[in-house]
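I opened a new notebook page for this structure. Below are my entries, in the order I looked things up.

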Amino acid sequence: MHEVNNRLGALTNLIYLAKCATASESKAVEYLEIADDELRGLGEITSKSLGFIRVDNEARDIDLVELAESALHLHRVKISSKRINVQTRSDETVIAMIKRGEIFQVLTNLLLNAIDALPHSGSLHVRVILRQKEAIMTVADNGVGIPEAMRDTLFDSFKSSKVEGNGLGLWIVKEIIHNHRGRIQFRSSTLQGKSGTIFRVFLPIKELVA
């Protein structure tokens, strides 16, 4: 996303320069040619990103442990920059019939919220286990916690405590889990010295709506 943002900034500047170069047609063409190169670069980035996420239209057997590791890897730069201590305690494999891209989105949203809530050198716990006929995915942090006033409407659309947030992340998470016939629970505290949030996602192993 940083790379996309950089290229978008370059495009804005190039278009501005091209509009200002009214006295020199050759200069305007030069700026537009560079802008064209930037657009091609954006196309390559988005193509690679879509290939990495591998959005699936059909449910299939997926190892949720491997999926959680992939989601953590996606946020490795932000985790490293905040020196976050990541702890993973999972079963060796947990296979569930899911739409990979959608559950990947659930994990990345929960992880990003946890990372944003964490202080420098905070702790992030990620766990995937199998209990009877359910897979349980846990994302926990010792961050600032969710304000009590927001907890009852946390999964409503357009509700966010982030300055730059649009309030759709957790609403989308809940919709995806509901479509997988699963459920999500959370606990949170803002008490000094005991603050943090735990999200648990429960998914059936084989059952999924078409």
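**Entry 1: confidence**

Over which residues does pLDDT stay under 50? I found residues 163-167, for which the model has eight contacts beyond four places in sequence. pLDDT is the predictor's confidence in each residue, from 0 to 100, and contact means heavy atoms within 4.5 Å. Where pLDDT is low, the predicted coordinates should not be read in detail. For the chain, I noted a mean pLDDT of 81, with 73% of its residues at 70 or more.

This is a predicted model: local features need pLDDT of at least 70, side-chain atom pairs count only at pLDDT 80 or more, and totals for chains, interfaces and linings use all residues. Residues are numbered from 1 along each chain as its sequence is written, and side-chain values use heavy atoms, with hydrogens and water left out.

**Entry 2: the sheet**

Next I traced the strands. Helices (H or I, at least four residues) and strands (E, at least two) are DSSP runs, numbered from the N terminus. Two strands pair if DSSP finds at least two bridges between them.

I read an open sheet of five strands, in the order β2-β4-β5-β7-β6, with mixed pairing. Its edge strands are β2 and β6, and each pairs on one side only. Neighbouring strands are turned by 10° against each other on average, direction ignored. Such angles run from 0 to 180 degrees between N-to-C directions; the axes are lines fitted to C-alpha atoms, for helices over the stretch in contact.

Then I checked two pairings. β5 and β7 are antiparallel, with eight bridges. V139 has F199 in β7 as its bridge partner. β6 (residues 183-189) and β7 (residues 196-204) also run antiparallel, joined by seven bridges. Here Q185 is partnered with R200 in β7. The β6-β7 hairpin has six residues between its strands, and G193 takes a positive phi near 85° there.

**Entry 3: helices on the sheet**

I turned to α5. It lies across β4, β5, β6 and β7, at about 20° to β5. How far apart are the end C-alpha atoms of α5? They are 26 Å apart.

Buried means under 20% relative accessible area, exposed over 50%, partly exposed in between (1.4 Å probe, protein chains only).

**Entry 4: the core**

Which residues have the most contacts inside the largest nonpolar core? They are L64 and L124, in a core of 40 residues. α5 gives the most to this core, with eight residues. A nonpolar core is a set of buried Ala, Val, Leu, Ile, Met, Phe, Trp, Tyr and Cys residues joined through side-chain atoms within 4.5 Å.

I looked at L64 beyond its neighbours within four places in sequence. Its contacts include V94, I103, V128, M137 and L203.

**Entry 5: two positive phi values**

Last, I looked for positive phi in residues other than glycine. R83 has a phi of about 50°. R83 sits in the loop between α4 (76-81) and β2 (85-88), and is exposed, with a relative accessible area of 62%. Q132 has a phi near 55°. Q132 is in the loop between β4 (123-131) and β5 (134-141). Is Q132 buried or exposed? Q132 is exposed, at 80% relative accessible area.

Notes:
The expected span of a helix is 1.5 Å times one less than its number of residues.
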